Each structure stands twice: as structure tokens, then as C-alpha cells.
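Thanks for making time. I have one structure to go through this morning, so let me put it on the screen.

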Amino acid sequence: MKAYDPEQLLAQAKQSNRVALAKLLSIVERGGPPARELARLTWGRGESAYLVGITGSPGAGKSTLTDRLISQVRAKSREVAVIAIDPTSPFSGGAILGDRVRMQEHATDSGVFIRSMATRGHLGGLALAVPDATRVLSAVGFPYVFIETVGVGQVEVEVVGAADTIVVVLTPGWGDAIQANKAGLMEVADLFVINKADREGARETRRDLELMLEMSRFEGWVPPIVETVATEGKGIEEAFEAIESHRQYLERSGVGQKKREARILEELTRIVRAEVYRKVDQLISDPSFEARKAEMMRGEIDPYSLASDLLRLEGD
Ligand SMILES: Nc1nc2c(ncn2[C@@H]2O[C@H](COP(=O)(O)OP(=O)(O)O)[C@@H](O)[C@H]2O)c(=O)[nH]1
Ligand SMILES: [Mg+2]
């Protein structure tokens with residue numbers, strides 16, 4: 001057996017071997033041929049996990065909330081995996097760190113798998129790695145996957161945008177809803193959670209949100225607003241119920257299926273784009289390119305004509 005044989009590791013991971021599962025996710029992170037083989041092995045295999053994206057500003061309480069939502073899933077005896085992309089999250093390389101731990105109580109629960117994910121460090125990076133990772137988790141049998149990301153930056157919004165239900169976590173006080181709006185989170189939100197509702201200004205934040213929602217047009221689903229105090233476990237059941245009713249709405253309306261198809265198409269586009277970029281780099285760095293480049297520099301061929309030559313020459 002190869003040191004990291006995806007097929008073998010997958011078989012082991014399906015037997016609840018968490019070490020094997022962690023290795024699989026490392027393969028996904030590293031990318032390259034083993035990750036491709038893994039993608040082939042996990043594509044279209046069985047039920048796919050329900051993806052819940054949890055996003056919001058750093059410190060909004062996403063990890064604390066996620067921790068509480070995990071308990072809701074566990075109370076139904078279902079298993080759950082968490083992918084944490086939030087760089088401020090108290091996770092590192094799959095290991096749970098010191099006293100900033102929020103999900104500690106689940107650390108010994110074999111029905112919970114928590115993994116932080118870093119970028120693959122090349123084009124497409126996380127936006128490609130996360131769907132691969134969720135497919136591994138689906139193939140292994142997790143019915144739920146939570147994805148925690150900071151709601152800033154295009155990549156993070158892309159990553160969380162690929163979830164079935166998108167939870168945007170806000171905190172009381174002026175401007176949080178407006179920030180979220182700027183980050184493009186308003187359009188993707190399926191549920192708003194106003195966390196830290198024990199603090200001043202929850203009502204104002206709700207009003208801001210309601211105003212923004214009134215100005216938007218919705219078809220079929222109007223994102224509910226739930227107030228929580230994650231540290232005290234308040235409002236968590238309601239938040240989980242809202243996730244579940246969104247799920248039922250997606251199933252009932254057929255919107256869920258459409259969303260999933262759009263997501264796969266989007267992923268394909270990303271893969272093709274990344275592949276094309278890779279090929280371009282290859283072409284330009286190939287020794288055979290030097291002569292053509294010299295021609296162009298001498299003014300014998302223009303860049304457009306050379307570009308079409310290069311693309312035509314590219315056999316594979
Ligand atoms: N007062 C209050 N603090 C909270 C609440 N939820 C989380 N926190 C605290 O806010 C801080 C950031 O929480 P964390 O879950 O790490 O936020 P994240 O960066 O969004 O993942 C921590 O100190 C939490 O204990 C809440 O509902 N009320
Ligand atoms: Mg966090």
C-alpha cells in the first residue's frame with residue numbers, strides 16, 4: 001500500500017477511523033493527483049451531507065454558536081463534522097488548542113469531527129478544497145457538515161455560499177448589518193442570527209435587518225431572524241429549528257436541488273479555470289516558448305496571433 005492510498009484510507013474512514021479521515025482531508029488540502037483520485041472515489045457516492053455555512057465578523061460568536069448547534073445535532077443522535085476556515089477559530093491543523101476552546105465538550109465525542117482547513121495555496125484554493133472535503137465527509141457518512149468562515153473577503157463568501165443553509169451571525173450594535181450587507185452576505189443569507197443578544201442594541205440590529213429585508217425581493221423564502229446568547233445556550237433550539245425549516249423548504253420547493261446543481265456547475269467552472277491557468281503557466285515556462293517569444297519581441301508576430309498559435313499547439 002502507498003503511504004497515502006486514498007482508496008484504503010476511505011475504506012478505513014468509513015469504519016469510523018478518524019485518523020484515516022484526517023489523512024484524507026490532508027490529501028484534499030494538498031491537492032494534486034491524490035486529491036483528484038479521492039474526488040473520483042467520492043463523487044456521487046451515497047447520500048450527501050447537509051451543509052450549513054456559518055459566517056459573520058470575527059468575534060461574532062460563530063464558534064460558540066457552532067458548538068451549541070453541534071449539541072442540537074447530537075441530541076438527535078446524528079453525527080456532525082465541522083470545517084473551520086475562520087483563521088481566528090480556536091483550531092489548528094485539526095488539533096484543538098488550549099483554553100480558547102469552545103468546542104471542547106465535543107472533543108471526546110466520536111460523533112463529532114472538527115477540522116480546520118488552510119488554503120491549498122494555489123488558484124482556486126479553498127473554494128475548491130472545501131467542496132472536496134465535504135464530499136469526503138459525506139462519503140464517510142456524516143449527515144451534517146458545518147462550515148465556519150469569517151464573512152469577509154470574496155473567497156470566504158464563495159465558500160460559505162456553497163452551503164445549503166447559510167447562517168449569517170451578527171451582533172448587536174450599530175453597523176454590523178451594514179457591514180454584512182457590504183460583504184455581500186445579505187443576498188446569500190438564509191437565516192440571520194443576532195448573537196450576543198444579552199448586549200445592548202439587539203432590537204436595533206433586528207430593525208436594521210428587517211428594513212434591509214423589506215427592501216430586498218424574495219421568492220419563496222424570507223430569511224428569519226433569530227436572537228441567541230450562544231454562551232448561555234439561549235435561542236439555540238430556535239436557530240436549529242430555523243435551519244431545519246429552511247432545509248424542508250429547499251426540499252419541498254425543489255430549490256435545494258437547483259441550488260446543488262448550480263453549485264456543481266460553479267465548481268466545474270472553477271476547476272476548468274484553475275486548470276487553464278495552470279496550463280498557461282506551463283506553456284509560458286516551457287523552453288520551446290523561448291523562440292516564439294523572441295519572434296514576438298523582434299516584431300515578427302503580434303501577441304494575439306502568438307496566443308492563438310500557442311493555444312492551437314496545446315494538444316492535451
Ligand atoms: N456576551 C456574549 N458573549 C459571547 C456570546 N457568544 C460568544 N461570545 C463570546 O465572544 C467571543 C468570541 O466568540 P467566538 O465563538 O470565538 O467568535 P467567532 O470568532 O465568531 O468564532 C468569545 O469570548 C465568546 O465567549 C454571547 O452570546 N454573548
Ligand atoms: Mg471562530
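This is a predicted model: local features need pLDDT of at least 70, side-chain atom pairs count only at pLDDT 80 or more; totals for chains, interfaces and linings use all residues.

Let me start with strand β1, residues 50-56. 7 of its 7 residues are buried, so the strand is mostly covered. In a regular strand the side chains alternate between the two faces of the sheet. In β1, one side carries Tyr50, Val52, Ile54 and Gly56, and the other carries Leu51, Gly53 and Thr55; every one of these is buried, and both faces are covered.

Which strands pair with β1? One of them is β6, residues 144-150, which pairs with β1 in the parallel sense over 7 bridges. Within that pairing, glycine 56 stands opposite valine 150. The other is β7, also in the parallel sense, over 5 bridges. Here threonine 55 has valine 168 as its bridge partner.

Next is strand β2, residues 80-84. It is largely enclosed by the rest of the structure, because 5 of its 5 residues are buried. Val80, Val82 and Ala84 point one way, Ala81 and Ile83 the other way, and all are buried. β2 pairs in the parallel sense with β5, residues 112-116, over 5 bridges, and in β5 the residue opposite alanine 84 is serine 116. β2 also runs parallel to β6, joined by 5 bridges. There, valine 80 stands opposite tyrosine 144.

Now a helix, α6, residues 154-161. Its buried residues are Val157, Val159 and Val160. They lie on the same side of α6, because they cover an arc of only 160° around the axis. What do they pack against? The list is β1, α5, β6, β7 and α8, with α5 spanning 125-140 and α8 spanning 185-188.

The largest nonpolar core has 49 residues, and Leu137 and Phe192 touch the most other members. Helix α5 gives the most to this core, with 8 residues. A second, separate core has 28 residues, among them Tyr50, Val82, Val167 and Ala230. Tyr50 was on the slide for β1, and Val82 on the one for β2. Back to leucine 137: beyond its sequence neighbours within four places, it is in contact with Leu21, Leu25, Ala81, Ile83, Phe113, Phe142 and Val145. Of these, Ala81 and Ile83 are the β2 residues that point the other way from Val80, Val82 and Ala84.

Two single residues next. Leucine 9 is in helix α1, residues 6-14. Its relative accessibility is 2%, so it counts as buried. Leaving aside neighbours within four places in sequence, leucine 9 is in contact with Tyr4, Ala20, Lys23, Leu24 and Ile27. For a distance, leucine 9 and alanine 22 are 13 residues apart in sequence and 9.5 Å apart in space, C-alpha to C-alpha.

Threonine 171 sits in the loop between β7, 165-170, and α7, 176-182. Is it buried or exposed? At 16% relative accessibility, threonine 171 counts as buried, because the cut-off is under 20%. Again setting aside neighbours within four places, its contacts are Ala60, Asp176, Ile194, Asn195, Lys196 and Thr205.

Last topic, salt bridges. The structure holds 20 of them. One of them joins arginine 115 to glutamate 29, with the closest N and O atoms 2.8 Å apart. Arginine 115 lies in β5 and glutamate 29 in helix α2, residues 18-30, so the pair ties together parts that are 86 residues apart in sequence. Both residues are buried.

Aspartate 132 and arginine 135 are both buried.

Arginine 40 and glutamate 37 also form a salt bridge, the closest N and O atoms being 3.9 Å apart. They too are 3 residues apart, in helix α3, residues 33-42, and so are separated by about one helical turn. Arginine 40 counts as exposed, because its relative accessibility is 54%.

Finally, Arg292, Glu295, Asp309 and Arg312 are linked in a network of salt bridges.

That is the tour; I can take questions.

Technical notes:
Residues are numbered from 1 along each chain as its sequence is written. Chains are lettered from A and ligands numbered from 1 in the order in which they are written. Side-chain values use heavy atoms; hydrogens and water are left out. Helices (H or I, at least four residues) and strands (E, at least two) are DSSP runs, numbered from the N terminus. Buried means under 20% relative accessible area, exposed over 50%, partly exposed in between (1.4 Å probe, protein chains only). Contact means heavy atoms within 4.5 Å. Two strands pair if DSSP finds at least two bridges between them. The arc is that of the directions from the helix axis to the C-beta atoms. A nonpolar core is a set of buried Ala, Val, Leu, Ile, Met, Phe, Trp, Tyr and Cys residues joined through side-chain atoms within 4.5 Å. A salt bridge is a side-chain nitrogen of Lys or Arg within 4 Å of a carboxyl oxygen of Asp or Glu.
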